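Visitor: Please take me through one part of this structure up close. I would like to follow the chain step by step.

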Amino acid sequence: YGSRLTGGGFGGCTVTLVARENASGLVSHVKAEYKSKTGKECFCFETGPAMGAHVLAMDDVKLS
C-alpha cells in the first residue's frame, strides 16, 4: 500500500505497508533487487501493528 524511507543518512531502511499474503513475495523481490543493484545482501523482517503509546497505570506494573 505504501513505503517510507527512514534513516537514509545512516544506511536507511523502509517501513512498508503490504497485505499479509503479499509480504513474502515483496521481501523476495526487495532482496533480489537490492543485491542486483548494490552487490550487497539486505536484511528484511516482517512485523505487525502493536498497541503503540498509551497510558499505563502503575498498578498494572509488576516490579521485580
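**The hairpin and what follows**

Guide: Strand 1 and strand 2 (residues 13-17) run antiparallel, and 5 bridges join them. This is a predicted model. Take one pairing as an example. Arg4 has Val15, in strand 2, as its bridge partner.

Now look at the link. The hairpin has 6 residues between the two strands. Gly7 sits in this hairpin and takes a positive phi near 65°.

Is strand 1 well covered or hardly covered? Strand 1 spans residues 2-6 and is hardly covered. The count of buried residues among its 5 residues is 0. Keep a general point in mind as you look: in a regular strand, side chains alternate between the two faces of the sheet.

Next, move on to helix 1. Helix 1 covers residues 23-38, which makes 16 residues. From its first C-alpha to its last, helix 1 reaches 22 Å. That is close to the 22 Å expected at 1.5 Å a residue. Just after helix 1 comes Gly39, with a positive phi of about 80°.

Finish with the cysteines. How many disulfides does the structure hold? The number is 0. In general, a disulfide is a covalent bond between the sulfur atoms of two cysteines. The cut-off for a disulfide is within 2.5 Å. From the side of Cys44, the closest cysteine sulfur is in Cys42, again at 3.9 Å. Cys44 counts as partly exposed because its relative accessibility is 23%.

Key:
Residues numbered from 1 in each chain as written. Predicted model: local features only at pLDDT ≥ 70, side-chain atom pairs only at ≥ 80, totals over all residues. Heavy atoms only, no water. Buried < 20%, exposed > 50% of the residue type's maximum accessible area, 1.4 Å probe, protein only. Helix = DSSP H or I, 4+ residues; strand = E, 2+ residues; numbered from the N terminus. Pairing = 2+ DSSP bridges. Expected span 1.5 Å × (residues − 1).
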